[in-house]
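User: Could you walk me through this structure? I'd like to start with the overall make-up and then look at how some of the pieces pack.

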Amino acid sequence: MQAEQMAVVHKRRVIHFGIALIVIGVLMPAVIQIRWLYVSTKMKWAVEHMDQGLLILTAAQLVLIHAVYAFPQFFGTLLLVDGLRHQLNRFGRYFGLIAPVVLLSLAFGLSYIIHGNTNGLLTSVVLVALCLGVSAAMRKNDPSIFASALVIMLVIFGVQWLNVMPIMDRFGSGREEVYVEIKQVARFMQAGPALNFIGLLFLCFTFILAVLLIRMMVVYSRELARERQDHEREQELQMMRMAALEAKAFSEVRSLTHDLKTPLTAIQGLTSVLQLMVSTQGEQAAAICDRINQAADNMNEMITDIIMQDRRQPINVSELMTYTTAQVSPKQGECTIRLSVEDESIKVVGNRVRLARALANLLENSLLAMSSSGGQIDISVKSLPDHRVRIVIADNGPGVPEEDKPKIFDLGFSTRGTAGLGLPFASEVIRNHGGTVNLWSVPGVGTKVVIYLPEVIEN
């Protein structure tokens, strides 16, 4: 609603600006007077010295000043018609054709009555026809007001040369006194052909330049439209990414909730058993109490890891990998996952929940790659002499194409139509834990992901 109101206000401003320009155009001859050019004095000097250059220069000045007179009338009329056309939609395109002719005729008539200036019938018809074409191009391509003004000024300046060309007398062009005087001097000095040539040259040059500008406006308008479409697509893609991220976050929360239910179920079951055994079997009851406490501690640790993502604590890598593979095992289908840990005591420092989700994302990526044909995933964990833990996830799937390798960890990149969030999430989590992740792949052979994490060294 607010955009529509702003559009209405803009159109009203355009209408007011157009009316103001028409009034300025009608009054312009009283502000900038032709007598300031001293045409008669210059023509006498040109005749006495047979100076064709002065003749042509004076003709150009006269053409320019008449173009300045006509420009506000034409441009103001086109702006006024364009503003009214949106408010009078029921008249359609006929209003856009008839209204400019009527308004320009009124403006020309007022200018003739007040100042005695006239463009002549031929010049007026040509100007109106060309400016109507420019107006249609303006409406079609929606250029800036400055570009439209420049095109109209070029058209008016070029057509005004018809008034100083002696060859156009037979068509009734250039009947004003100053035009007649220039053409008479040109005939006396035998400069008529030169004046005709220069007038035709300027007419063609300005017309070609106006066409080129209109063409540039068309190209520019298309580029703007393409940029708007690209921007809209980018916004839609961003919204899809956010929706996918929310869905993934929900999926992770649901998975974590399932994991939290395991110790909670154990607590509930063991408590029921304890109630039956407490009176008869004291030692077994004590053992069950220990298991209850351990389950409660595990659940508390999980909740803490979820709430405090920056929390770090020593994690046994063997337990971490067992926990990770348990999360993806229902999805492995025909694939086989083999886990090999060199030393069961290897530890790293980190957030167990986030590290597990990062490793699960890497495993799920391998499982998706082999979902159609099945295969094998080998996971190996080894402690290195430089106090780093190396985790290798290798599969014998189809591999990654060479052109996709540089983009494999980019946000939003995917070759399967997914949101492209899993691998960037895994890379970010591993970097936040002070580690690195690298990928090697050979098409048709398989893919190997190598993760390095700092090892916990205990005294």
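User: How many helices and strands does the chain have?

Analyst: In this predicted model, the secondary structure of the chain comes to 12 helices and seven strands.

User: And what share of the residues is buried?

Analyst: Of the 459 residues in the chain, 42% are buried. If you look at the contacts in the chain with a separation of 6 or more, 73% of them are accounted for by residues 24 or more positions apart.

User: Let's go to helix H2. Which of its residues are buried?

Analyst: Helix H2, which covers residues 39-49, has Val39, Met43 and Ala46 as its buried residues. They lie on the same side of H2, because the arc they cover around the axis is only 60°.

User: Why would residues with a gap between them in the sequence point the same way?

Analyst: An α-helix has 3.6 residues a turn, so residues three or four places apart point the same way.

User: OK, and which residues are exposed on the other side of H2?

Analyst: On the other side of H2, the exposed residues are Thr41, Lys44 and Glu48.

User: What follows H2?

Analyst: Methionine 50 follows H2, and this residue has a positive phi, near 50°.

User: How do H2 and helix H7 pack, in terms of angle and distance?

Analyst: Helix H7 spans residues 177-188, and H2 packs with H7 at an angle of about 0°, the two axes being 11 Å apart. The two helices, H2 and H7, are therefore roughly parallel to each other.

User: Which residues make that contact?

Analyst: From H2 the contact uses Val39, Ser40, Met43 and Val47, while H7 contributes Val178, Glu181, Ile182, Val185 and Phe188.

User: Switching topic: at what angle do H11 and H12 pack?

Analyst: Helix H11 (residues 352-369) and helix H12 (residues 422-432) pack at an angle of about 140°, and their axes are 9 Å apart. That angle makes H11 oblique to H12, since roughly antiparallel would need an angle over 145 degrees. As for handedness, H11 passes H12 in a left-handed crossing.

User: Which residues touch there?

Analyst: On the H11 side, the contact is made by Arg354, Leu355, Arg357, Ala358, Asn361, Leu362 and Asn365, and on the H12 side by Gly422, Leu423, Phe425, Ala426, Val429 and Ile430.

User: How do those divide into nonpolar, polar and charged?

Analyst: The residues of the contact of H11 with H12 divide into eight nonpolar, three polar and two charged.

Note on methods:
Residues numbered from 1 in each chain as written. Predicted model: local features only at pLDDT ≥ 70, side-chain atom pairs only at ≥ 80, totals over all residues. Heavy atoms only, no water. Axes fitted to C-alpha atoms, helices over the stretch in contact; angles between N-to-C directions. Helix = DSSP H or I, 4+ residues; strand = E, 2+ residues; numbered from the N terminus. Parallel < 35°, antiparallel > 145°, perpendicular 65-115°, else oblique. Left-handed = near helix turned anticlockwise from the far one by under 90°. Contact = heavy atoms within 4.5 Å. Nonpolar A, V, L, I, M, F, W, Y, C, P; charged D, E, K, R; others polar. Buried < 20%, exposed > 50% of the residue type's maximum accessible area, 1.4 Å probe, protein only. Arc of directions from axis to C-beta.
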